[in-house]
Amino acid sequence: MTEPSIPADLASLGDGTPGPAVVKAVIPAAGLGTRFLPVTKATPKEMLPVVDRPAIQYVVEEAVRAGLGDVLMITGRGKRSLEDHFDRAWELEAALEAKGDKDRLAQIRESADLADIHYTRQGDPRGLGHAVLCAAHHVGDDDPFAVLLGDDLIDERDELLSRMIGVQRQTKGSVVALMEVDPSQVHLYGCAAVETTGVDDVVRVTGMVEKPDPKDAPSNLAVIGRYVLHPQVFEVLRETKPGRGNEIQLTDALQELAHNPDQPGGGVYGVIFKGRRYDTGDRLDYLKAVVRLASERDDLGPELRSFLREFVAELPAE
C-alpha cells in the first residue's frame, strides 16, 4: 500500500521533518447502542444496515482508503456478528457460485478482503478512553494511530482522515476532527478551545470540555468521531481518572496533551471538517443517512427520488 504524500500547505506546521507513517486504525465498537433500543438488544448498532452494507463496513473502507490496512476493532459481549461479517462465508459463497451469481459473490468476498482486521474485547464499558487504551498492546509505544468511531460515517467524496494523518505527521502531536455545530447542540459533544495556525482548516487546540453546558462552551467546534493520536496518549490514559459518567474520557487525556505542547507527544491540533457526515448512532440521523446515500446511487436513486417527490408532495401542510 502506497504511503500517502503530505500536502504542501502543511509544511509550516511543526519542524518540517515528517513523523512516522500512520498504518494502524482502531475502531471502538463495544458500546451498548442504547439510543437504538430495542433493536440493539440483540443486534450490534454497528451492524445496522445503511442501504445494503452495515455501518461498520463504511468505516473500515474509509480507513483503507486513507492507507490504513491494519485495523483493530474493540468489541464487547454480543458483538460476534462483527467478526462474522468480515470473515469468509464458505457455505454462502458456494451457494452463490453454484447459481452463477458472480455479482453477489464479489460483494460478500469484498468485506473479507478489505483489510487485516484484528479484534480485542473491552471487558467493562468504561468509556472511550478505556476502549482506546485496550489497543495499546496492538498499536505499541512508538507509532501514531487513527481512531474511527463506528457510528460516525464520513462521505467518501469528502477528504478528512488522510488530511488528519498529514497534520499529525507534520506536528508529531495528536489530531482531532472538528465540526461547527449550532451552539445549542454543543452539550452533545466534546468541545474545543482553539487558536489559529496559519493553515485555514487547521487549528491548535488549547483546551477541551466534554459535553459542556452551552453557556460554558469555549466554542461551537465539536469533536466528531475521528482522531489521529500520538502513542503518548496511552501513558496519559493509564493515569486518567474516571470523569463524566464515571468513565475514562479520551477528552480528558487529550486535554492533558494539549496543555503540554512542549513535551514528547504533546500538543493537539484540529482539522475543521465542512463535508458530509452521518451520525448513524442517532435514530433520525440514521434515517437521513440511509435516504441520502440511497438516493444518490445509480441503481436505487432514480426510483427512490421519484418516490420521495411524490411522498413529500402528498404530505399535509404543517
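Trainee: Leaving aside its neighbours within four places in sequence, which residues is Gln168 in contact with?

Mentor: In this predicted model, Gln168 touches Val22, Pro144, Gly173, Val175, Val228 and His230, once neighbours within four places in sequence are left aside. Gln168 itself has its place in helix α7.

Trainee: Why is Gln168 called buried?

Mentor: The word applies to residues with under 20% relative accessible area, and Gln168 has a value of 3%, so Gln168 is buried.

Trainee: What makes helix α7 mostly covered?

Mentor: Helix α7 spans residues 161-171, and ten of its eleven residues are buried. Among them are Leu161, Arg163, Met164, Ile165 and Gln168. The buried residues of α7 pack against α1 (55-65), β6, β8, β10 (202-210), β11 and β12 (268-272), while the helix is followed by Lys172, whose phi is positive, near 60°.

Trainee: How do you know that Val176 is buried?

Mentor: The relative accessible area of Val176 is 0%, and the cut-off for a buried residue is under 20%, so Val176 is buried. This residue is found in strand β8, residues 174-180.

Trainee: What makes the buried residues of α8 line one face of the helix?

Mentor: In α8, residues 232-239, the buried residues are Val233, Phe234, Val236 and Leu237. Seen down the axis of α8, these buried residues fall within an arc of 165°, so they line one face of the helix. As background, an α-helix has 3.6 residues a turn, so residues three or four places apart point the same way. The buried residues of α8 pack against α5 (128-133), α6 (136-139), β6 (145-148), β11 (221-229) and α9 (250-258).

Trainee: Which residues of α10 and α11 meet?

Mentor: From α10 come Val291, Ala294 and Ser295, and from α11 come Gly301, Leu304, Arg305 and Leu308. Sorted by class, this contact has four nonpolar, two polar and one charged residues.

Definitions and conventions
Residues are numbered from 1 along each chain as its sequence is written. This is a predicted model: local features need pLDDT of at least 70, side-chain atom pairs count only at pLDDT 80 or more; totals for chains, interfaces and linings use all residues. Side-chain values use heavy atoms; hydrogens and water are left out. Contact means heavy atoms within 4.5 Å. Helices (H or I, at least four residues) and strands (E, at least two) are DSSP runs, numbered from the N terminus. Ala, Val, Leu, Ile, Met, Phe, Trp, Tyr, Cys and Pro count as nonpolar, Asp, Glu, Lys and Arg as charged, and the others, Gly among them, as polar. Buried means under 20% relative accessible area, exposed over 50%, partly exposed in between (1.4 Å probe, protein chains only). The arc is that of the directions from the helix axis to the C-beta atoms.
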